Amino acid sequence: MTGRRTAFTLVELLVVIAIIGVLVALLLPAVQAAREAARRSQCSNNLKQMGIAAHNHHDTYGILPASSQSQQFYDLTQNRFGWDRMSYIIALLPFMEQQPLYDRVVAYTLQDRRPWSQDLFNSSTERSPYETRVPSLLCPSDPDSKLPNRVPNVWLAPTNYHCNRGDIWMAHDWHEFRGPFGPGIRGQTTFATITDGTSNTVLVGEVAIGKQPERGAAIIGGVAIDESSMQPGIAPAACYARRGPNGTLLGRNHHSFDGSTQHGAGRRWGDSSNIYTAFFTVMAPNSPSCAQGGNAEHWAMPNLSSHHPGGGQVVMCDGSVRFINNNINTGDPTL
């Protein structure tokens with residue numbers, strides 16, 4: 001008797017490979033969508049917790065935290081230089097289970113250190129409290145939230161969550177209140193003063209963290225600088241015009257790792273400058289962000305931006321979290 005060997009033919013093998021390829025092609029988008037849904041849910045929860053923290057701050061002090069120049073920090077730090085640049089996030093730390101970090105920030109400031117300082121704390125090996133990464137201040141969908149602090153010239157820890165400074169562009173320390181946040185020595189916001197209603201007013205929103213330059217001059221994470229037309233209340237058409245092909249910025253732009261600077265969006269959670277912890281509702285999500293001068297630190301108009309498909313998330317003053325679509329109608333950009 002002779003044995004007969006069995007095996008796959010080449011055609012059968014190719015068919016099996018093709019079927020596996022089709023299944024993988026069908027499965028991968030579903031897996032990616034599920035992962036993004038989980039990341040978006042975590043981001044939503046982070047925003048929700050910030051809304052709760054703001055409400056607890058209001059219950060304790062009778063006001064919402066200031067975006068800059070907080071009277072609370074003026075008193076705590078005995079008017080040390082840099083108190084005026086301490087961000088709204090610092091005020092929320094005790095209500096986000098971060099009381100030890102808050103105490104370190106106050107002690108650091110009392111030693112004449114500032115929100116942009118990178119030197120040692122208390123002349124020891126302990127690093128600046130502003131280098132502490134707080135997971136609840138970061139959106140897991142943002143790839144730049146996972147970069148280490150200590151790349152060249154960028155040691156301070158970032159955040160994705162910026163406070164609503166209002167519906168017209170202004171510098172971080174200007175007197176006007178066009179949103180629930182403003183300079184504390186010029187005014188104070190309570191829920192009673194939000195006349196449009198807490199369910200209709202944005203409290204905190206997402207802003208994508210500034211990118212490294214080798215990743216391209218992207219709209220999401222980049223800032224178009226030298227936009228000389230920008231003035232308080234200016235129509236946003238000139239900033240819209242900085243949109244280039246394939247989601248890039250036209251003209252000069254500023255990123256967090258540009259030369260020896262670190263002026264990228266969200267790169268310092270402790271700093272009240274617009275580029276770091278504030279944003280404006282002038283333009284639709286993921287529109288170009290612009291700055292008047294040669295760098296983005298003092299004269300930036302960051303917009304809502306995120307790596308979630310189609311828009312970005314905000315928490316309203318009533319504590320509810322909403323998704324704002326890129327296609328939201330923000331009015332005539334020339335007016």
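**Aromatic pairs, cores and salt bridges in the predicted chain**

Tyr61 is partly exposed, at a relative accessible area of 47%. Here buried means under 20% relative accessible area, exposed means over 50%, and partly exposed lies in between (1.4 Å probe, protein chains only). The model is predicted: local features need pLDDT of at least 70, side-chain atom pairs count only at pLDDT 80 or more, and totals for chains, interfaces and linings use all residues. Residues are numbered from 1 along each chain as its sequence is written, and side-chain values use heavy atoms, with hydrogens and water left out.

The chain has an average pLDDT (the predictor's confidence in each residue, from 0 to 100) of 86. A score of at least 70 is reached by 89% of the residues. Confidence is under 50 throughout residues 256-261. Six helices and nine strands make up the secondary structure. These are DSSP runs, helices (H or I) of at least four residues and strands (E) of at least two, numbered from the N terminus. Of the 335 residues in the chain, 48% are buried. Among contacts with a separation of 6 or more, 67% join residues 24 or more positions apart.

Aromatic pairs number nine in the structure. The ring centres of Tyr61 and Phe95 lie 6.4 Å apart with planes at 90°, so this pair is edge-to-face. Tyr61 belongs to helix 1 (residues 10-61), whereas Phe95 sits in the loop between helix 3 (88-92) and helix 4 (99-110), so the pair ties together parts 34 residues apart in sequence. Phe95 is also partly exposed, with 24% relative accessibility. Tyr130 and Trp269 form a tilted pair, because their ring centres are 5.4 Å apart and their planes stand at 55°. This pair links distant parts of the chain, 139 residues apart. Tyr130 is in the loop between helix 4 and strand 1 (161-166), and Trp269 in the loop between strand 4 (253-254) and helix 6 (274-277). Tyr130 is buried at a relative accessible area of 1%. Trp269 is likewise buried, at 1%. Pairs are counted for rings of Phe, Tyr and Trp (its six-membered ring) with centres within 6.5 Å; planes under 30 degrees apart are stacked, over 60 edge-to-face, and the rest tilted.

The charged end of Arg40 sits over the ring of Phe323, 4.1 Å from its centre. The criterion is NZ of Lys or CZ of Arg within 6 Å of the ring centre and within 35 degrees of the ring normal.

The largest nonpolar core holds 38 residues. Such a core is a set of buried Ala, Val, Leu, Ile, Met, Phe, Trp, Tyr and Cys residues joined through side-chain atoms within 4.5 Å. Met50, Tyr88 and Trp269 touch the most other members. Helix 1, helix 3, helix 4, strand 1 and strand 2 (202-206) each give two or more residues to this core. Beyond four places in sequence, the residues touched by Tyr88 include Met50, Pro65, Tyr161, Phe181 and Val204. Another core, of 15 residues, lies apart from the largest one. Val223, Ala265, Ile275 and Ala291 are among its members.

Salt bridges, too, come to nine. Each needs a side-chain nitrogen of Lys or Arg within 4 Å of a carboxyl oxygen of Asp or Glu. Glu297 and Arg85 meet in one, at 3.4 Å from N to O. Glu297 lies in the loop between strand 6 (290-291) and strand 7 (300-301) and Arg85 in the loop between helix 2 (71-76) and helix 3, so the pair ties together parts 212 residues apart in sequence. Both Glu297 and Arg85 are buried. Arg268 also bridges to Glu297, with the closest N and O atoms 3.5 Å apart. Arg268 is in the loop between strand 4 and helix 6, so this bridge ties together parts 29 residues apart in sequence. Arg268 is buried. Arg85, Arg268, Asp271 and Glu297 are linked in a network of salt bridges. Elsewhere, Arg242 pairs with Glu227, the closest N and O atoms being 3.0 Å apart. Arg242 and Glu227 are both buried.

Ile234 occupies the loop between strand 3 (223-224) and helix 5 (237-240). Ile234 is partly exposed, at 34% relative accessibility. Its C-alpha atom is separated by 8.8 Å from that of Thr334, 100 residues apart along the chain.

Note on methods. Contact means heavy atoms within 4.5 Å.
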